[in-house]
Amino acid sequence: MNRIFILVAAAALFSNIQAQTDIENEPILPPDAQECVLPASPNAIPDDASYDDLVAAKKQVADFQGEVEAFRACLKAAEDNPDNTPGNLAAIVSSYNYSVEMEERVAERFNTAVRSYKERKAAEKG
């Protein structure tokens, strides 16, 4: 009877430890990282963008990049919190990576518009 009690107690303790480990590994942004604001991407660039459209878009992209840098600095500050669990850190890394992917898409969209503009101008010169 005593052995059964010990086995049941050990099983309960192990399941409690396992549940706590699962919670610690769950990717949840910690409260300080939830305050970091990921900026919205700049407005779409028209397919037939003029030179003035590209100049305006370049400013929007530069502003966006500055805001994304501030977002990442905020995430870095949140990452340095010693109370973070492995799941918190995974969520921060995921948010950081998403911001990089977003910035790359914005840059590619701008570069595509510039290439299209240059191709149209070259075709006009014939």
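Mentor: Helices (H or I, at least four residues) and strands (E, at least two) are DSSP runs, numbered from the N terminus. This is a predicted model: local features need pLDDT of at least 70, side-chain atom pairs pLDDT 80 or more, while totals for chains, interfaces and linings use all residues. Residues are numbered from 1 along each chain as its sequence is written, and side-chain values use heavy atoms, without hydrogens and water.

Trainee: What makes the span of helix H4 close to the expected one?

Mentor: The expected span is 1.5 Å times one less than the number of residues. H4 (residues 86-125) has 40 residues, for which 58 Å is expected. From first C-alpha to last, H4 reaches 59 Å. Just after H4, Gly126 has a positive phi of about 70°.

Trainee: Why is Asn88 called buried?

Mentor: Buried means under 20% relative accessible area, exposed over 50%, partly exposed in between (1.4 Å probe, protein chains only). Asn88 has 12% relative accessibility, so Asn88 counts as buried. Asn88 lies in H4, whose buried residues also include Gly87, Ala91 and Ile92.

Trainee: What does the side chain of Asn88 reach?

Mentor: The backbone nitrogen of Thr85, at 2.9 Å. A polar contact is a pair of N or O atoms within 3.5 Å; within protein, one must be able to donate a hydrogen and the other to accept it, and residues adjacent in sequence count only if both atoms are side-chain atoms.

Trainee: Which residues does Asn88 touch, not counting those up to four places away in sequence?

Mentor: Glu26, Ile28, Leu29, Pro30 and Asp83. Contact means heavy atoms within 4.5 Å.
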